[in-house]
Amino acid sequence: MLRIAPLAAVIGALLAVPAVAAESAAPADATDLPRVQVTALAPSIQLNVPGTVSTIDRAQMDRHLNVSIRDLVRYEPGVSAIGSGGRFGLDSFNIRGLSGNRTRIEIDGVSMPASFGADVAGGSFRAGRNFVDLDQLKSVEIVRGPASVLYPSDALGGVVSLRTKDPADYLRDGRDTYVSLKELYDSSDRSLTSTVTLAGGDKRNGILFVGNHREGSELANQGEAGGTGAARTRPDPRSYSLDSFLGKYVHTADSGRADRIGVDGSQTRTRTNSLSNVTPAAGYYRSQDENMRVRATAGQWFPQLGSALADTLDWNVYWQKSRTRTSTQTETATLTRYYQSLPLQEKVFGGKLVAVKQLGEGGPVTQAISYGVELSRTDAQSYAGGYGVNKRTGASGSGKPFMPGNYPLHLIPDSETDRYSAFAQDEIGLLGGRLELTPAVRVDRYSYKPQDDALYAAYNPGYVRQDYSKTHASPKLGVLWHFNGVLSAYANYAQGFRPPLYSEIAGAWNEQPFPGFNIAFLPNEKLKAETSHGLELGLRGKGEAGWFNVAAYYNRYRDFIWSGYQLKVSQVPDWVQVNPGMNLFYQAVNARKAYIKGAEASGALRLAYFNEALQGWSVRGSAAVASGRLIEPGASGYSPLNTVDPAKLVLGIAYDANRWGAELIGTGVRRHSRLGDPGAFRPGGYATLDLYAHYSPLANVELYAGISNLADRKYWDWGSLNSGALGNLVTGNGINDAGTGGIPADRLSMPGRSFSVAARIAF
């Protein structure tokens, strides 16, 4: 059951006042939201679209000293980051209970690579989606659910759209060059970040370069037990370095046409001494991992095309390559083993075109018709290798008995995945703009084509190579009604469609860690595509006193892909060899049904509206509560969906003057109501306080400081528990992780009191 009563009083106090106050300030005949804009109180929720779309701008990222994707969405209702502070770090975002490959992360319209990984004997690996350097970004847009036809329908949870900086962000009339240096220190992982920004040119030709370097250590926690072995609760020693760059050239013609060329990339190197994996039988466990992504893009925007088919036109083409490498060394009394893997390498080439045509301007019925096409091809590879050395004889080899399996092997067959999409929507304005209807549809064609692969077939002799193709139309309908110039209500219905990825259809390998124990992951070419139906209802308002948005939603899913499902003996395919001893066989299968329902609210008050003595003071808040259930494979009834975040309330008070400001933010999280496994670790509720300040002593100098977890509270972030780090096959929260998987809970706790400072000087 969805329970929001504990939050109702606070939400009501926060949201009701600005609505009433703003209502009295609006003229009775207003038919559109007023353009009252207070810089410090700009809405973070887009108020002119049906559905919930939030925006995080550059100023907020700077003032909250955001370094990681968890920092980025710390105060976002219904959104969180998943991943741990250990070897593999953060992975991706959770939006309204769905994460991993069910949410889309894109940078300038180009999707980040998929998540993929496994826990195998001694050679665990992850290929996550965290290829993000926040210092390259000027804004982040978060769309809840598959609500927009501009994005692929496989984003069942939603879309995190990252927008990189442009030369125009720094070049103004009379300023043809810009240089800045930013330094940031974060005590939670003892990291130091240096960012240099260079821009030059004018209105016609602008060029931008952003370079970033960061070095840090393991993320702190509140564990106290050191030493080696499974009982260790302090974080394992870890060091990392991140290097990233962004280059962009923009030419603006006299007609207004903008030509864009850009290139960006990042590389992260991590070294981990996994003391928690050291045992009397295995006295050494160290790893070196690397994540790399590079992207090139080109495109044009025509703001005044003047064609009979389109008034504006935007197109782009892109190429992107991403690669994850892992290297692990373990040691037993007789063997030293070296695991060398390429968990995932993706190469993507694609493009997108969007045209807009305005009709009926000034008439009783207006239309803004948007339509376009999008296509891409993804080449994917995954490789696991290694060798062992007998410490007594010096002999070495890549098969048994030196390794738990016969290496090298391919975890998926080399493959190509083609995606073709056509979409259209019509924003129809009626009754003088009071009623807006937005019917839309997106048609997606998905084609997965595995190649003949000897290294893959050797481990999966019964696998029959076959293509997987699916075409699906996803309709959407939005309705927005303006009661007056302040209040409006909306309804949004959207369907989603996510075909199984190469890792879910064909991800497979098997090992024998020791005699009598066999573990295998089997392909499943019969997987069905996931589909969703979602409805969201909302009420919002904006006036001189502030703004608010409150929404309730219900999303229903069919054929939910459950990755890493343990098969019963009767379900194991005939071609699989069952050896004597313990056999564990896993496979991606479909769970018949699932649903998630919830409510979210956010808003802000400008206190000077009530008393001029409070000029500069503001109050912000947000709240989210949700619950989800699914029918697990082989079950007949519903059980809790553990990937849904517990209820959260955020309240903050801020003061902003011309040159300085400060903000105090409190976050309260309720204990998770129910889990699928009643015996799983269920951390208690908690409350934290964060304090931020910014100061600009000179026009070209900015200083920032922040203290997180001011009261030094011990707590667990649900995303660090439900992170996929505990599962055997990771392709995006299909295994319904919960608890700690036998790991001491304190090792997964979040940092205590920590501080961050930053300084930027610009010329």
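Modeller: This is a predicted model. Start with charge. The protein chain carries 78 positive and 71 negative side chains. The centres of these two sets lie 5 Å apart.

Now the open sheet. Five strands build it, in the order β1-β8-β9-β4-β5, with mixed pairing. β1 (53-57) and β5 (110-111) stand at the edges. Each has a single partner strand, so one side of each is left without a neighbour in the sheet. Look inside the order next. Strand β4, residues 103-107, pairs with strand β9, residues 158-164. The sense is parallel, over five bridges. Within this pair, E106 stands opposite S161 in β9.

Strand β15 covers residues 282-302, and strand β16 covers residues 312-332. They pair in the antiparallel sense over 20 bridges. Here R295 stands opposite Q320 in β16. β16 also pairs with strand β17, residues 335-359. That pairing is antiparallel too, over 19 bridges. A hairpin of two residues joins β16 to β17. Q329 stands opposite Y338 in β17.

Step back to the whole. The protein chain has six helices and 36 strands. Its radius of gyration is 26 Å, close to the 27 Å that the globule rule gives for 763 residues, so the chain is as compact as a globular protein of that length. The C-alpha atoms fill a box of roughly 85 × 55 × 55 Å along the principal axes. Of the 763 residues, 56% count as buried. The accessible surface comes to about 30800 Å², and 57% of it belongs to carbon and sulfur atoms.

Terms used:
Residues numbered from 1 in each chain as written. Predicted model: local features only at pLDDT ≥ 70, side-chain atom pairs only at ≥ 80, totals over all residues. Heavy atoms only, no water. Pairing = 2+ DSSP bridges. Helix = DSSP H or I, 4+ residues; strand = E, 2+ residues; numbered from the N terminus. Rg over C-alpha atoms; globule rule 2.2 N^0.38 Å. Buried < 20%, exposed > 50% of the residue type's maximum accessible area, 1.4 Å probe, protein only. Areas by Shrake-Rupley, 256 points an atom, 1.4 Å probe, with all protein chains shown as cover. Lys, Arg positive; Asp, Glu negative; His and termini not counted. Charge placed at Lys NZ, Arg CZ, Asp CG, Glu CD.
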